[in-house]
Structures are given as structure tokens and as C-alpha cells.
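Hi,

Here is the structure I promised to pass on. Please have a look at it first, and then read my notes below.

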Amino acid sequence: MTERILLTGAAGGVGTLMRTRLARPGRTLRLLDIADLPPAADGEAVELVRASVTDLDAMERACEGVDAILHLGGHSLEASWKDILDVNINGTYTVFEAARRQGVQRVIFASSNHAVGYVPRTVGEVGDYAFPRPDTNYGVGKVAGEAIGSHYADRYGLDVISIRIGSCFEKPRDTRMLSTWLSPDDGARLFEACLSTPKPGYRVVWGVSNNTRGWFSLAEAKAIGYVSQDDSEVFAAELIAEHGEPQLDQDPHRLVGGAWCGPDMDTARKEAGR
Ligand code: 15L
């Protein structure tokens, strides 16, 4: 039987990195986005859907015949409160509600390190279930998404895993990412673990590689079968030569969210002008 997985936000950064990496014999990826998606390559088992995660009817149709959802959709950077509320919070509610109505048993939610951005680095390793301390509207949206997932797991019995993703890019882009990097290949390994672990209930896991300079617990990710094979340390010399050695007791390295905790990300003051 064909396994069908719905990827929301499939045209975005992480969605694009996962499209080829999550392809498997006997699996169809249903790729959903409001933006253009590259057409199917020869022999690629994908279905393309143009829809918004905020449209419940469209999401219900997109969930038909689906075994699991990887919910990556929404704004991937800081945005106005209105946009976060509409797309990231209401959109995530809509994805879960469509899943419930269509009997999709498993939803993997792409949360973020910015759900706990104000956690100080000086406390040592950041635990899997570190209490929410969001650093932005975007971070608040991720906390809300985790709460919606927890609610749907407890009340409706869905299997839900929230992944607090660090920085998922081909390569770490600065010295902070030496700690927060999730290599795309490890990202795919983690998503596979989330898809295949039996009956997880509700879990929160860190989405990072096994970085030498890592800050985050990998206990819960390992418990569901994730085995990281990558380490950002191979990029350390090059990045430190360019940016200097990171000082962990100083901004922007002092807090998990890095520069997202700084004044440039103060959206409320920017919008109000005071
Ligand atoms: C995120 O959640 C963002 O989506 C991504 O663009 C990066 O900025 C990442 O966090 C990060 O903290 O590096």
C-alpha cells in the first residue's frame, strides 16, 4: 500500500531540503504551499497542491488519504502579530483540525528554538521540555502550535511530535549555528524517526545535529530512534576565522534565540513607533 505524507510549506526552505530526502519507494509526498512548487521530476512520486494552511475546506481535502502530516507551513521568520495569528497560529489549528476530521493519525509539527529563545545558555544543556520562553511573535506562534498539538494528542488521541528545530540549512551560517545546526540529512533522519516511531503520543524533541558545541538535549530525539550523523564542527575553523570565537556569556550567544532576543526583533515597538 502506498504511504502518503502531506508536507505543508513544501516550497519553503526546510520543505525544499526535505522533498528529495524523504522520497522512498512506496511513498507519495503530497506537497502543499501557496507558492509555486517545482513540477514533479521524472518518476518522482509527488502530488502538488496549491492551498493555504488557513483554509479548512482545502486542508480537509488535502488530508484525504493521508497517513501523516509534516507541518512546516507558515511564516519562517518574525512577522507582525496579525500575520503570526492568521497564518502560524490559526493555520496550525486548521491543520490539526483538518487532520482530526480526516482521521490522519500523526502530525509532526515544525516548532523552533525560538519557542524557548529567552532561555539563558548559561544554565547548561537545554532540556527537551524546557518551559516556553518565546523571543518574538514568531516564537509565541510556535509555543501556540505546540499547545495545539498537545491538545489534539490528549483529547483526540493523535500522535504528535513537536520538533524544536535549531537552524536547518545546508551549512551553518554563523558561529551561533555551530551550536544550533540541523544538517538537512539529519533533518530527514529525524523526520523519518518521527514518522516511524510506534505510538509516540505527544513529544517535544530538539531538532539539531550532534554538534560538538551543541547546547540541547538529544535524549528525547534518540528515544524515538533518531541517530544524528553530522556535526557542525567541520565548519568551525572557517566560521571562527570569519566571525571570531563565540563568547557564550555575551550577546548574541547568551540566550538560546541569539540575535532574535535583541532590539532588531522588537516588532511591537517597531509597529507602534514607540
Ligand atoms: C528559525 O526558526 C527560522 O525559521 C530560521 O530561519 C532560523 O533563523 C532559525 O530559526 C535559527 O534560529 O537559526
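A word on the record first: UniProt positions are given in the numbering used here, feature names are shortened, and annotations may be inferred rather than shown by experiment. With that in mind, an unreviewed UniProt entry places the feature "domain: NAD-dependent epimerase/dehydratase" at residues 5-169. The end C-alpha atoms of residues 5-169 lie 22 Å apart, and the span is 36% helix and 21% strand (helices, H or I, of at least four residues and strands, E, of at least two are DSSP runs, numbered from the N terminus).

This is a predicted model, where local features need pLDDT of at least 70 and side-chain atom pairs count only at pLDDT 80 or more, while totals for chains, interfaces and linings use all residues. Residues are numbered from 1 along each chain as its sequence is written, and side-chain values use heavy atoms, with hydrogens and water left out.

Now to the ligand. Among the residues that surround it are Ser76, Asn113, Tyr138, Ser167, Arg176 and Trp260 (a residue counts if one of its heavy atoms lies within 4 Å of the molecule). An oxygen atom of the ligand is 2.7 Å from an N or O atom in the side chain of Tyr138, and an oxygen atom of the ligand is 2.6 Å from an N or O atom in the side chain of Ser167. Taken alone the ligand exposes 320 Å², and the protein buries 84% of that (accessible areas come from the Shrake-Rupley method with a 1.4 Å probe).

Two backbone details are worth a look. The peptide bond from Asp251 to Pro252 is cis, with omega near 0°, and Pro252 is found in the loop between helix H8 (236-243) and helix H9 (267-272). Lys199 is not a glycine, yet has a positive phi of about 40°.

Best wishes

Notes: Polar contact = N/O pair within 3.5 Å; in protein donor to acceptor, adjacent residues only side chain to side chain.
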